[in-house]
Amino acid sequence: MSKIFLCDGHNLAFRAFYGIRELNRSDGFPTNMIHGWLRSFWRMDDEFKPDLVWVFFDLGGCPQREGILPNYKANRGSPPEGFVEQLEWVKKLTTALGYGSGEAEGREADDLIAAKVLELKGENELGENELVIVSADKDLAQLIEPGVSQLLPPPTANPRVGWRLLDETGVMEKFGVKPNQILDYLSIIGDQADNIPGLAGVGPKTAVKWLQEWGDLDAVIANAGRVTPKRFCSMIYEKRELLLRNREIIRLDSTKHTGGISPCNPDIEKICEILEIMEMKKSISEVKVRYSSD
């Protein structure tokens, strides 16, 4: 059985950026994210030993979702200073390390992960592959099923917590709903990170209660007059279009993606060339030891 990791590049890049601060080359060029990225992926390789790694990146915005909700992700603002400059080098390093990579105009990394999961499941009739999604993004929990799990990176604020693997049971324990209810769950409570408003006053506990009782969002709306607390009965009916809009925005686009660079063997010379430019001499020494037997 092959273990295939599907990584959310932007999610992991931001975590690497904030995980290490104020690290620069001698000319002032920032290198904190590049350091954090390399160390994070090496730790992941050592601990979980994936057979193949894919990394997917956002490329611009998402016109489809922005067309539905103009303020989609408007709360995020511009990337922090030093992020964009390092991201291009992170992408070069990703390829040199032998990881597959992909990005597509108008689609987000989450969508490309969903597309790759669907593609690999179609090639996996005998259950020969274990798919692991690597991201802290809760949207991706909707993809979890037998043979597909989600690996949550160590929290930036408390890295000692370590990596956490979510399977179907883990999703129930973390959110209180099944993976196939995550989409409706987020549609009800909204997603502050993406600037998607939920039903006012409705928190996770209430959303879980409704989905446990009625099963899905359509049934919750159909039974709006019977939900409790009663103060939400009229709100659900009046805001049903908002709920259905949220579901359309949050649902991942699994349309097949045909671009990208497939995984291959690490290019040691290229890795060292990049690290030399970034003045990461200790990492160069580790590369020569780490990949010496490959």
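Guide: What follows is a set of questions and answers on a predicted model, taken up region by region.

Visitor: Why is R247 called buried?

Guide: The relative accessible area of R247 is 14%, and buried means under 20%, so R247 is counted as buried. R247 is found in helix α11, and, leaving aside residues up to four places away in sequence, R247 touches L183, D184, S187, L217 and D218.

Visitor: Is G225, then, buried or exposed, and how do you know?

Guide: G225 has a relative accessibility of 55%, and because exposed means over 50%, G225 counts as exposed. G225 sits in the loop between α9 (217-222) and α10 (233-238), where, not counting residues up to four places away in sequence, G225 touches K230 and C233.

Visitor: What makes F175 and Y185 an aromatic pair, and why is it called edge-to-face?

Guide: The ring centres of F175 and Y185 are 6.0 Å apart, and rings pair if their centres lie within 6.5 Å, so the two qualify as a pair. Their planes stand at 65°, and because an angle over 60 degrees counts as edge-to-face, the pair is given that name. F175 belongs to helix α6 (residues 168-175) and Y185 to helix α7 (residues 182-189), so the pair ties together parts that are 10 residues apart in sequence. F175 and Y185 are both buried.

Visitor: How many aromatic pairs does the structure hold, and which residues form one aromatic cluster?

Guide: There are 11 aromatic pairs in the structure, and F14, F17, Y18 and F83 form one aromatic cluster.

Visitor: What makes up the largest nonpolar core?

Guide: The largest nonpolar core has 39 residues, of which F5, C7, W37, F41, M44 and V134 touch the most other members. Helix α2 gives the largest share of this core, eight residues, while the elements giving two or more residues include β1 (2-8), β2 (52-56) and β4 (129-134). Not counting residues up to four places away in sequence, W37 touches G9, L12, A13, A16, V55, F57, V90, L93 and T94. Another core lies apart from it, with 34 residues, among them L166, I188, V202 and W210.

Visitor: What is the volume of the largest pocket, and what lines it?

Guide: The largest pocket has a volume of about 1,000 Å³. Its lining has 40 residues, of which H10, F14, D58, K73 and R76 lie nearest its centre, and the largest share, five residues, comes from α1. By class, the lining of the largest pocket has 17 nonpolar, seven polar and 16 charged residues.

Key: Residues are numbered from 1 along each chain as its sequence is written. This is a predicted model: local features need pLDDT of at least 70, side-chain atom pairs count only at pLDDT 80 or more; totals for chains, interfaces and linings use all residues. Side-chain values use heavy atoms; hydrogens and water are left out. On a 1 Å grid over the protein atoms alone, a cavity is a set of points where a 1.4 Å probe fits but cannot get out, and a pocket is an open set with protein on both sides within 12 Å along at least five of seven lines; lining residues have an atom within 4 Å of a point. Grid points are joined across faces, edges and corners, and a volume is the space filled by probe spheres set on the points. Helices (H or I, at least four residues) and strands (E, at least two) are DSSP runs, numbered from the N terminus. Ala, Val, Leu, Ile, Met, Phe, Trp, Tyr, Cys and Pro count as nonpolar, Asp, Glu, Lys and Arg as charged, and the others, Gly among them, as polar. A nonpolar core is a set of buried Ala, Val, Leu, Ile, Met, Phe, Trp, Tyr and Cys residues joined through side-chain atoms within 4.5 Å. Buried means under 20% relative accessible area, exposed over 50%, partly exposed in between (1.4 Å probe, protein chains only). Contact means heavy atoms within 4.5 Å. Rings of Phe, Tyr and Trp (its six-membered ring) pair if their centres lie within 6.5 Å; planes under 30 degrees apart count as stacked, over 60 as edge-to-face and the rest as tilted.
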